[in-house]
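Thanks for coming. I will go through a few local features of one structure, so please have the sequence and the model open.

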Amino acid sequence: MDLAVVVSAVFGSQLFWLGPHAVDVASSPLDYTTLSLVLSACWLGALTVWGTRHPRAVGYGILEYRLTLAASFQLFGGVAIVAYLTGADISRGYFLLSLPIGTTALLVGRASCRLWLRGRRHRGAMSARVILVGGADENARVASELARQPAAGLQVVGIHEVSTSSGDAAWDDAQASALRRRLTELQADSVLISGGSLLEAQDIRRIGWGLDPGRQHLIVAVNLTDVAGPRLHTRPVAGLPLVHIETPQFSATQRILKRAFDIVGASFLLLLLAPAFLVLALLVRASGPGPVFYRQERVGQGGRRFGMMKFRSMVDGADARLQDLLAEQGREGTPLFKVTNDPRITPIGRWLRKYSLDELPQLFNVLAGQMSLVGPRPQRDAEVEFYDDDAHRRLMVRPGMSGLWQVSGRSALAWDDAIRLDLFYVENWSLVGDLTILARTFKAVLAPGDTAH
């Protein structure tokens with residue numbers, strides 16, 4: 001995929017900008033065809049050197065995309081420096097056309113490959129076959145998390161429980177022999193230490209020594225969850241593999257970058273979707289009496305309240321019936337005030353909600369600085385009352401039109417899972433992460449599935 005994308009982008013830019021005839025590079029012995037060959041080869045080499053196709057990076061998380069962007073931009077930066085130092089006068093149009101087209105196409109190509117790979121992994125193929133080693137509780141915790149994310153490519157095929165009686169060692173020759181037998185019987189290629197509460201450092205080292213180098217791998221789960229890769233740094237000190245965890249920082253640069261992204265993105269979407277706004281407004285008006293737009297008070301950044309805008313999807317005066325409906329369904333004392341088979345929703349409103357079209361007016365909230373394109377969804381005062389100290393960290397950032405839990409299950413997620421995903425977003429924000437969530441949002445809107453209500 002990389003080869004097809006890079007060659008097409010570079011030679012396509014040459015053909016589009018310079019035409020089909022041979023053209024020499026000014027002040028250089030090269031012609032553009034030779035330059036395109038060299039540039040394509042260097043680009044593919046940079047993607048390899050940066051490890052964009054390493055098994056640890058491919059198929060899961062944003063590391064693959066970050067490395068692809070870094071390799072592409074640094075390659076072109078290097079080409080620009082070489083051209084300046086040698087005096088070669090490379091066509092700016094050719095140069096500036098190849099970079100954005102090629103980089104965008106690379107990301108799209110990687111996303112396409114990832115979709116295919118995720119499908120295979122959901123069916124149990126192309127994944128590492130893992131045996132968990134640890135205490136019963138540790139094994140259960142890790143197995144549950146891996147089962148939730150089959151796209152990570154770690155398929156649990158067996159569990160080796162470590163237990164110890166008073167005075168006995170947790171790991172001995174009998175345990176080691178049993179693990180080796182299970183690796184053979186289950187055709188496993190990885191051992192994952194789910195926790196170190198029962199195993200000493202020398203025990204983990206001996207487990208690693210018993211594996212077939214290059215074919216079987218040792219993975220150790222750190223007793224830490226919901227921390228993204230860029231915040232983790234390992235550094236061996238005197239034989240100790242220390243894991244440094246960067247404290248979440250919300251710098252002025254990050255805030256400015258995110259706000260600029262929101263303003264540009266919301267403005268572009270409002271201009272692009274102006275005709276759709278008109279059509280949707282007419283449909284809402286025809287659905288029954290009441291205003292076209294519905295404004296509901298929500299809790300935003302820092303606990304400040306604001307009026308969140310939507311296209312009206314319910315009958316007029318629907319809020320007055322909420323508590324009665326929740327009481328009928330036995331959900332008045334639970335967070336996430338969702339009514340099953342809500343009778344207040346109009347037929348047009350049900351269609352708007354299924355494809356999230358009722359949320360589009362929130363673009364005005366984004367321009368006003370009350371919301372962001374991506375962030376934790378804003379909730380009502382009554383729902384915020386359920387927050388514990390951890391959940392209140394959701395309010396550190398602007399609420400978003402879409403968020404991590406919206407693209408990870410939508411209405412099917414439980415309250416605890418939704419809060420956990422939102423906290424992960426707050427703790428590990430990045431612009432690349434926002435772009436990934438937006439891409440997944442468009443996919444969820446076009447193919448909402450059964451979890452969209």
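I start with helix H1, where the cover over the buried residues includes H2 and H4. Before going on, some ground rules. This is a predicted model, in which local features need pLDDT of at least 70, side-chain atom pairs count only at pLDDT 80 or more, and totals for chains, interfaces and linings use all residues. Residues are numbered from 1 along each chain as its sequence is written, and side-chain values use heavy atoms, with hydrogens and water left out.

Helices (H or I, at least four residues) and strands (E, at least two) are DSSP runs, numbered from the N terminus. Buried means under 20% relative accessible area, exposed means over 50%, and partly exposed is in between, with a 1.4 Å probe and protein chains only. Contact, which covers packing and touching too, means heavy atoms within 4.5 Å.

Back to H1. The buried residues here are Asp-2, Val-5, Val-6, Ala-9, Val-10, Ser-13 and Gln-14. Viewed down the axis of H1, they fall within an arc of 150 degrees, so they line one face of the helix. The arc is taken from the directions from the helix axis to the C-beta atoms. Why would such a spacing put residues on one side? An α-helix has 3.6 residues a turn, so residues three or four places apart point the same way. On the other side of H1, Leu-3, Ser-8, Leu-15 and Phe-16 are exposed. Just after H1 comes Gly-19, with a positive phi of about 90 degrees.

Next is H2, residues 32–49. This helix has 18 residues and reaches 25 Å from its first C-alpha to its last, close to the 26 Å expected at 1.5 Å a residue. The expected span is 1.5 Å times one less than the number of residues. Among the buried residues of H2 are Tyr-32, Leu-35, Leu-39, Trp-43 and Leu-47. The buried residues of H2 fall within an arc of 160 degrees seen down its axis, so they too line one face. What do they pack against? The partners are helix H1 (2–18), helix H3 (63–86) and H4. Leu-37 and Val-49, on the other side of H2, are exposed. Gly-51 follows H2 and has a positive phi, near 75 degrees.

Now a strand residue. Ser-190 is in strand S3, residues 190–193, and counts as buried at 4% relative accessibility. Its side chain makes a polar contact of 3.1 Å with the side chain of Asp-189. A polar contact is a pair of N or O atoms within 3.5 Å; within protein, one must be able to donate a hydrogen and the other to accept it, and residues adjacent in sequence count only if both atoms are side-chain atoms. Leaving out residues up to four places away in sequence, Ser-190 touches residues including Ala-128, Val-130, His-217 and Ile-219.

Met-126 lies in the loop between helix H4 (92–122) and strand S1 (128–134). Its phi is near 55 degrees, a positive value in a residue other than glycine. At 43% relative accessibility, Met-126 counts as partly exposed. Ser-356 sits in the loop between H11 and helix H12 (362–367), and its phi, near 60 degrees, is again positive in a residue other than glycine.
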